[in-house]
Amino acid sequence: MLHQVDASRGFVLRADDLPPPVQHLAVDGTLLVDTPVLDDDAAVAGLRALLLGRRFDERCVNLQRRGLMVTLAPGIGQEACSVGSVIPLDRSRDWFVPQYREAAGQLLHGLPLVQAFLWHMGSPLGFFIPPGLKMLPFNAAVAGQIPHAVGLAWGLRLRGEDSVVVVHFGEGATSQGDFHEAINLAGVQKAPVIFFCQNNDWAISTPREIQTAAATIAQKGIAYGVPAVQVDGNDLFAVVAVMREAVARARRGEGPTLIEGLTYRLGMHTTADDGARCEPPGLRDRWRPKDPLLRLQKYLGRRGRWNEAIEKAMEDEITAALDAAWAEAQATPPNTVAESLAHVFAEMPARWAEQQRRIEEAR
C-alpha cells in the first residue's frame with residue numbers, strides 16, 4: 001500500500017505515479033474491501049469519537065460568538081483524519097502531536113473535556129497536559145510543532161523505546177521550512193514519526209494550487225526517502241488502515257511515513273475569518289455528502305447498528321458530557337500568575353521569578 005520512488009526508473013517521479021487514494025467506504029456507506037478494518041463495536045466507538053469532536057467544536061463556536069471563548073479553529077468535517085490516526089495508537093506509549101484542528105483525536109487520545117474547554121477559554125491551565133497523557137499542546141504557529149514531533153520521536157528511539165509519534169498539520173504547512181527540515185531529519189534518522197497532512201485544499205483564502213506547484217502533498221515525501229500515501233480523509237476505515245501500516249513500520253524501526261488525508265473543512269477556517277467567502281460557489285455543498293459522519297452512519301445502518309433511537313441516545317450522552325465539562329470549566333477559578341508559569345519551566349529563570357514576585361506583591 002505504501003510506496004516510494006523506484007530508484008531503477010532513473011527519472012523524477014511524476015504525480016500520476018501515485019496510485020489512487022486509499023478508500024474502504026464509498027460515500028453511500030458501501031464497504032469497498034473484503035473485510036472491514038474495524039468490527040461493528042469498534043466502528044460504533046469510532047462514530048462516537050467523530051460525533052463528540054463535531055459537537056465539541058460546534059459548542060465552542062457558539063460560545064466564542066457569545067464572547068466566552070477566544071479565537072479557535074474548528075475541525076468540522078475533518079474529524080476522520082484525527083480520530084482515524086489515533087485509533088491504531090497505544091495510548092500507554094504512543095504520542096499525539098496536534099496542530100490546532102484536531103479536538104476529536106485529542107479527546108479520543110485521552111484529553112479531558114474540561115481541559116479542552118479551558119484552553120479555548122484562554123486559561124493557561126488548559127495547556128497543562130495531565131501527567132501520563134502522551135500529547136503535546138496544540139500549536140498555533142503553522143508547522144512549528146513538526147520539528148518538535150521529530151525530535152520527540154528520535155529521542156524515544158535513542159532511549160530504546162518502541163513508541164510512535166503522529167504529528168498533524170495542514171497542506172499549507174508543507175510549504176514551510178519547518179516541515180522540510182523535520183522530514184529530512186526524520187528520514188535520515190529513521191525516526192518513528194508519522195507525518196499526517198490534512199489536505200483540505202484551502203489555507204483560509206489560498207487554494208492549494210497557488211501555494212505549491214506539487215500536484216500532491218504525498219509526493220513531497222519522495223525527495224526525502226519517506227514512504228508516502230494518499231488516503232480518503234473522510235473515510236474513517238481507510239485512515240485507520242493506512243495508519244496501522246505506518247505504525248507497524250515505525251515500530252519495526254523502518255522510519256517515518258507521510259500520509260496525505262484528502263478532506264475538506266465544512267466549517268470556518270477559524271472564528272476570526274470565513275474562508276468560504278473566497279471559495280467557488282457550491283464547493284461546500286459538493287463536499288457535504290462526503291461527510292465522514294454520514295458515511296459511517298450509513299455503513300452502520302446497513303449493519304443494523306445505527307438508527308434514530310441509537311443516534312438520539314448517543315447525542316444525549318454527548319450533550320450531557322459536554323454540559324458537565326463546560327460547567328466544571330466555568331467553575332474553575334481564574335488562574336494566578338504562578339499557575340501561568342508553573343508548567344512552562346522545569347527550573348524558573350531568575351528574571352522570571354523576580355517578575356512573578358513583583359506581580360504577586362502588587363496584587
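**Close-up views of the predicted model**

**View 1. Helices α1 (40-65) and α4 (113-120) are among what covers the buried residues of α10.** Contact means heavy atoms within 4.5 Å. Helices (H or I, at least four residues) and strands (E, at least two) are DSSP runs, numbered from the N terminus. The model is predicted: local features need pLDDT of at least 70, side-chain atom pairs count only at pLDDT 80 or more, and totals for chains, interfaces and linings use all residues. Residues are numbered from 1 along each chain as its sequence is written, and side-chain values use heavy atoms, with hydrogens and water left out.

**View 2. Helix α10 spans residues 308-331.** Its 24 residues reach 34 Å from first C-alpha to last, close to the 34 Å expected at 1.5 Å a residue. That expected span is 1.5 Å times one less than the number of residues. M314, E315, I318, L322, A325, W326 and A329 of α10 are buried (under 20% relative accessible area, 1.4 Å probe, protein chains only). N307 caps the N-terminal end, with a side-chain oxygen 3.1 Å from the backbone nitrogen of A309.

**View 3. Five strands build an open, parallel sheet.** The order is β1-β2-β3-β7-β6. Strands β1 (95-97) and β6 (228-232) are the edges, each pairing on one side only. Pairing takes at least two DSSP bridges between two strands. β6 and β7 (residues 257-262) share five bridges. D232 has L262 in β7 as its bridge partner.

How values were computed: Buried means under 20% relative accessible area, exposed over 50%, partly exposed in between (1.4 Å probe, protein chains only). A polar contact is a pair of N or O atoms within 3.5 Å; within protein, one must be able to donate a hydrogen and the other to accept it, and residues adjacent in sequence count only if both atoms are side-chain atoms.
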